[in-house]
Amino acid sequence: GSGVAAVEGAIAGRNFYGCDINPLAILVACVRATPLPRAELLEALNALLTAAEECPAERPAGEPRPPDFPNLRFWFSEQVIAELGRLRAALFRLAEGPVRDFFLVAFSETVRLVSRTRPNEFKLLRRKGWEEFRPEVRLEFERIARRNIDLLDSFYRERTLGCDPALEVRDVLEGLPLPDASVDLVVTSPPYGDSHTTVAYGQFCRLSLQWLGLEERVDKQSLGRNKASSRRLPCETLYQTLATIEKANGKRAEQVLAFYSDLEAAIGEIARVVRPGGRVCFVVGNRRVVKTELPTDKIS
């Protein structure tokens, strides 16, 4: 979800293709896989901070305005909204390209840290003592941006990319733009369960995506959104586990089956593009539903 495999593949000189349904993940991955001169980034940062300071509270016609999404003022104070708005306007004045993308990643992290959300949580929960929370937006953004500049510079100081990875927002269930039997190695970490009831991937990045002006459909598009296939899946362990869940909650059993049905379809599309003798590495996690463990390591 953040481009580590893409960068390592490119350093090794391998052609790399990667996709994700989360546009923020693709943005982060593209930034990670794009070396940029330290001096250029520092100069751009200073200009950006100056521009944000000079941005008027009222935007001229045509200028990007702070987004107005549901519960905006539930998650952000008026002061933070104003400061993020100025910073966002300055960011979108930059020409489209790698430098702007670099600072959009820093901005996306700033949004989360200056929001009233509880730290270290995937789900959107308001932090304790949010009434007294007074974050410094400009200082937080500058700290993150300078940290990221140092990290990018130190990482690529002794490394070079052997090729440019291809990265795009795409749903594997809608098909991969790759020929049959064309891939030597797959490394992937599919969701551990349906996002509606387990790890809330979409919630974690929702505020950042809304401030970036990107649509958040991660949870709606994730595996398990479709109805389960009527075809019986080739795994008795799954159906034994489903029988236990169904006794406690029939609806949850349906949701679990829908997730594994979509997962099988995704695995099938991945298998299509792997050449004979190729390798596939899945990172899976076993979760619990109504106090019953789902052994995804065996079901997969």
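**Exercise 1.** Is Asn71 buried or exposed, and at what relative accessibility?

*Solution.* Keep in mind that this is a predicted model. Start with the place: Asn71 sits in the loop between H3 and H4. Next, take its relative accessibility, 51%. The cut-off for exposed is over 50%, so Asn71 counts as exposed. Finally, look at the backbone: phi of Asn71 is near 65 degrees, a positive value in a residue other than glycine. For context, most residues other than glycine have a negative phi.

**Exercise 2.** Work out where Lys291 lies and describe its backbone and exposure.

*Solution.* First, find the loop between strand S5 (287-289) and strand S6 (292-294); Lys291 is there. Then check phi, which is positive at about 65 degrees although Lys291 is not a glycine. Last, with 76% relative accessibility, Lys291 counts as exposed.

**Exercise 3.** Decide how to class Glu142 and list its contacts beyond four places in sequence.

*Solution.* Begin in helix H7, where Glu142 is placed. Its relative accessibility is 18%; buried means under 20%, so Glu142 counts as buried. Leaving aside neighbours within four places in sequence, Glu142 is in contact with Leu45 and Leu49.

**Exercise 4.** Which residues touch the most other members of the largest nonpolar core?

*Solution.* Among the 48 residues of this core, they are Phe76, Leu84, Phe103, Phe107, Phe141 and Trp211. Several helices each supply at least two residues, including helix H2 (23-32) and helix H8 (201-212). H6 gives the most, nine residues. Now zoom in on Leu84: once neighbours within four places in sequence are set aside, its contacts include Phe76, Phe107 and Trp211.

Note on methods. Residues are numbered from 1 along each chain as its sequence is written. This is a predicted model: local features need pLDDT of at least 70, side-chain atom pairs count only at pLDDT 80 or more; totals for chains, interfaces and linings use all residues. Side-chain values use heavy atoms; hydrogens and water are left out. A nonpolar core is a set of buried Ala, Val, Leu, Ile, Met, Phe, Trp, Tyr and Cys residues joined through side-chain atoms within 4.5 Å. Buried means under 20% relative accessible area, exposed over 50%, partly exposed in between (1.4 Å probe, protein chains only). Helices (H or I, at least four residues) and strands (E, at least two) are DSSP runs, numbered from the N terminus. Contact means heavy atoms within 4.5 Å.
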